Amino acid sequence: MSRSIALAQRLLGVAERIVFFTGAGLGAESGIPTFRGSGGLWQGVRPETLATPQAFEEDPVRVWEWYQWRRRLIRDAPLHDGHRAIADVCRKKGAVVITQNVDGMHQRSGCESVAELHGSIWRSRCQVCEAEAPDESLDQAGVPLCPCGGPLRPAVVWFGESLPPAPWNEAQVELGSAAVVVVVGTSAVVQPAASLTELARRAGARVVEVNPEPVGDARDVIVDGGAAECLPLILAPCLT
Ligand code: NAD
């Protein structure tokens with residue numbers, strides 16, 4: 001067993017409060033592409049050119065089609081052992097998840113406490129009246145309309161938009177009181193979410209990163225590998 005896995009196990013085995021901070025890399029082994037890192041381009045396009053309010057204004061149908069493609073891909077993606085290990089620790093130890101992901105995979109794996117910093121691909125919001133609704137338009141062509149007549153957009157945070165306050169506040173509270181933060185699959189370049197691990201460190205948490213291309217500098221343990229294999233290993237002491 002590698003030294004970093006043993007170190008992570010030791011920290012996690014005695015931790016009172018564990019918080020998972022997850023990003024797109026957690027879904028990579030389920031077949032959900034990331035934005036960055038190797039293999040991280042969506043259908044050959046840069047997400048920065050599609051996931052913006054300007055892109056939706058200029059060509060709403062193109063943006064909707066991209067999201068429909070992503071929804072189908074996520075709907076058909078299987079959970080992996082890393083998702084399941086996180087859900088088991090949430091159930092058994094009352095751990096919580098703060099995620100930048102919009103895919104709903106944590107909820108599907110059975111986590112109850114999930115703060116979605118960047119919204120959810122499974123909800124829509126009206127551009128005009130801002131009413132939110134679960135998205136039921138998976139097979140619909142074109143841009144769906146709200147009962148008020150306004151166009152619906154995915155209820156996710158696009159580049160240049162601010163984060164919804166409720167999950168952001170929850171993230172600050174949870175990360176400010178964590179004993180160990182497990183950072184999984186994030187390139188930690190999207191602010192302000194990326195600053196949260198620094199907040200946790202300043203509040204006294206130990207930080208464990210799981211990533212085959214580790215990026216964080218202020219980490220106590222770096223587990224250099226994929227989430228599906230490494231999470232069940234490092235979390236095993238929490239589940240005995
Ligand atoms: P990112 O795409 O910027 O970075 C992905 C990170 O995951 C990289 O550091 C990469 O090395 C790592 N990674 C790749 N394979 C991995 C594996 N098997 N195990 C662990 N780590 C692995 O992701 P980000 O930092 O989350 O930022 C991207 C933004 O894009 C987020 O805000 C998110 O909302 C959005 N996004 C979401 C999804 C999703 O919901 N599944 C997918 C793509 C992008």
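I looked up the lining of the second largest pocket and found that its residues divide into six nonpolar, two polar and six charged, where Ala, Val, Leu, Ile, Met, Phe, Trp, Tyr, Cys and Pro count as nonpolar, Asp, Glu, Lys and Arg as charged, and the others, Gly among them, as polar. I note that this is a predicted model, in which local features need pLDDT of at least 70, side-chain atom pairs count only at pLDDT 80 or more, and totals for chains, interfaces and linings use all residues. Residues are numbered from 1 along each chain as its sequence is written, and side-chain values use heavy atoms, with hydrogens and water left out.

I then looked up the volume of the second largest pocket, which is about 200 Å³. Of its 14 lining residues, Gly-119, Arg-125, Glu-132, Val-157 and Pro-164 are the closest to the centre. (A pocket is an open set of points on a 1 Å grid over the protein atoms alone, where a 1.4 Å probe fits, with protein on both sides within 12 Å along at least five of seven lines; lining residues have an atom within 4 Å of a point. Grid points are joined across faces, edges and corners, and the volume is the space filled by probe spheres set on the points.)

I turned next to Pro-151, which touches residues including Arg-125, Cys-126 and Val-143, not counting those up to four places away in sequence (contact means heavy atoms within 4.5 Å). Pro-151 counts as partly exposed because its relative accessibility is 28%, between the limits of under 20% for buried and over 50% for exposed (1.4 Å probe, protein chains only). From Pro-151 to Pro-212 I noted 61 residues in sequence and 40 Å in space, C-alpha to C-alpha.

Last, I checked Glu-209, which counts as buried because its relative accessibility is 1%.
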